[in-house]
Amino acid sequence: MNYVLFDLEWNQCPQGKARENPRIPFEVVEIGAIKLNEKKEEIDTFHEVIRPLVYHKLHFRTREVIHIEQTELDHARTFSPVVRDFLKWCGEDYKFVTWGNLDLIELQRNMDYYRIRNPFPRPLFYYDLQKMFSLLYDDGKSRWSLEDAVEYLHLDKTRPFHRALDDTWYTAEVMKRMDLTEVSRYESIDYFQLPATREEEIFCDFGSYLKYVTRAFETKEEAMADRGVTSMRCCHCGLPVWKRVRWFSVGTSVYLSLVQCPRHGFIKGKIRMKKSLDGRVFVVKTIKEADEDSVRMIREKKESMKNRRKERRRRKKIR
Ligand SMILES: [Zn+2]
C-alpha cells in the first residue's frame, strides 16, 4: 500500500460571501501530491495548476497567500481533466494523507460540483497527519500549522509555504520523522460521504474506544430521539450497561452520558452534533472508558447544568 499525500490551494468568490455559489464556496486552483511507499520513500509526484471556471479572478486574500499569477491560471487546464488524471495517478492501493481534514472535503465537493464520479470507498479512512502530530507531540486536541510543525522538528525551511506541492513536500518530511506505529490506529473518517441509511452507518472499534458516525437528521432533536444515536454499550466487551447519568447537553452541540459495565466499570459517551454540507446534522458518538476524574467531571457538569436550568426557571417566575 502506498501513501498519497496531497494538498490543495483554493480560491473563493472575489466579490465576497454574498455572491458565492453555495455548491462550491472554495474552488480548487492547484493540486500537489507526493506518493510514498510503505517505507515512506518518495516514488512519484503530481502537480498541476487549475483554471477556475466559477470564480475567474483570484480573491485578494488567495492571491496574497498562494502567489499564483493570474496568467498561470488562465493557461492551465480545468478541474475535470486534472482531477481525472490525479485519481488515475493515485493508483489502486493507497491511503490518503493530508494536513488537517479540509482538503479531502474540498476535493470531493469540487468533484461533486463537476459531476466527477466519486470512486472512494465508504467509509473512507485516511491519515489526518495534523491530528496524528498532535497525538504524538501534544495533547491530541491542539492543531498545529504545518509551518509550526516543521519548526518544531527543526526541519530546514528551504521551500516557500502555501503552494500545493511545497506544502505536500513539507507534510512528507514531517511524516517521515513521525513514528506512526503508535498513532496509525487513530485513522480519521471522511465526513463528506455520510451514510445514506441506518444500515450504512459507520462503526469503528479503535481498541480503546468506539466511534459511530450516523446518517444525517433534519434536527438535533430528531437525532437525539433515535435509539441508535443514544444507545450505549461497553467499549471492551460490548455488553449492555447500566445507565448512571443520562444524556445531557453541554453547550449547543455536545452531549455527555455515563454508564457502567458490570465487568469493566464506568464508560462515558460523547455525542457531537455536526453540520452536514446540506445543512442537516449528523452525529459522531464516541464510547470510552471513564477514569475517576472524568466520572467526577461528568457528574459535576450534569449538576451544574441542572442548577442553571433551575435558576433560569426561578428568574422567569420572579419576572
Ligand atoms: Zn464490559
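This is a predicted model: local features need pLDDT of at least 70, side-chain atom pairs count only at pLDDT 80 or more; totals for chains, interfaces and linings use all residues.
Residues are numbered from 1 along each chain as its sequence is written.

**The overall picture**

- Along its principal axes, the C-alpha trace of the chain spans about 65 × 50 × 40 Å.
- You'll find ten helices and twelve strands in the chain; these are DSSP runs numbered from the N terminus, with helices (H or I) needing at least four residues and strands (E) at least two.
- Of the 319 residues, 28% are buried. A residue is buried if 20 or more other C-beta atoms lie within 10 Å of its own, exposed if 12 or fewer, and partly exposed in between, with C-beta atoms placed from the backbone.
- Take the contacts between residues at least 6 apart in sequence: 62% of them join residues at least 24 apart. Here, contact means that the C-beta atoms of two residues, placed from the backbone, lie within 7 Å.

**The sheet and the helix across it**

- Six strands make an open, mixed sheet in the order S3-S2-S1-S4-S5-S6; two strands pair if DSSP finds at least two bridges between them.
- Its edge strands are S3 (42-49) and S6 (188-189), each pairing on one side only.
- S4 (residues 94-98) and S5 run parallel, joined by two bridges, and Val-97 stands opposite Tyr-127 in S5.
- Helix H3 lies across S1 (2-11), S2 (27-36), S3 and S4, at about 15 degrees to S2. Axes are lines fitted to C-alpha atoms, for helices over the stretch in contact, and angles run from 0 to 180 degrees between N-to-C directions.
- H3 (residues 79-90) has twelve residues and should span 16 Å, which agrees with its end C-alpha atoms being 16 Å apart. The expected span is 1.5 Å times one less than the number of residues.

**The cores**

- The largest nonpolar core has 38 residues, and Leu-5, Val-28, Ile-31, Val-97 and Leu-129 touch the most other members. Such a core is a set of buried Ala, Val, Leu, Ile, Met, Phe, Trp, Tyr and Cys residues joined through C-beta atoms within 7 Å.
- Apart from that one lies another core of 22 residues, including Leu-210 and Cys-234.
- Leaving aside neighbours within four places in sequence, the contacts of Ile-31 include Phe-6, Phe-46, Val-82 and Phe-86.

**A hairpin**

- S7 (residues 202-205) and S8 (residues 209-213) pair in the antiparallel sense over four bridges, with Asp-205 opposite Leu-210 in S8.
- Three residues lie between these strands, and in this hairpin Gly-207 takes a positive phi near 90 degrees.

- Arg-122 and Pro-123 are joined by a cis peptide bond, with omega about -10 degrees; Pro-123 is in the loop between H4 (102-113) and S5 (125-128).
- His-154 isn't a glycine, but its phi is positive, near 60 degrees. His-154 is in the loop between H6 (146-152) and H7 (164-177), and counts as exposed because 7 other C-beta atoms lie within 10 Å.
- His-162, in the loop between H6 and H7, has a positive phi of about 70 degrees. With 16 C-beta neighbours inside 10 Å, His-162 is partly exposed.
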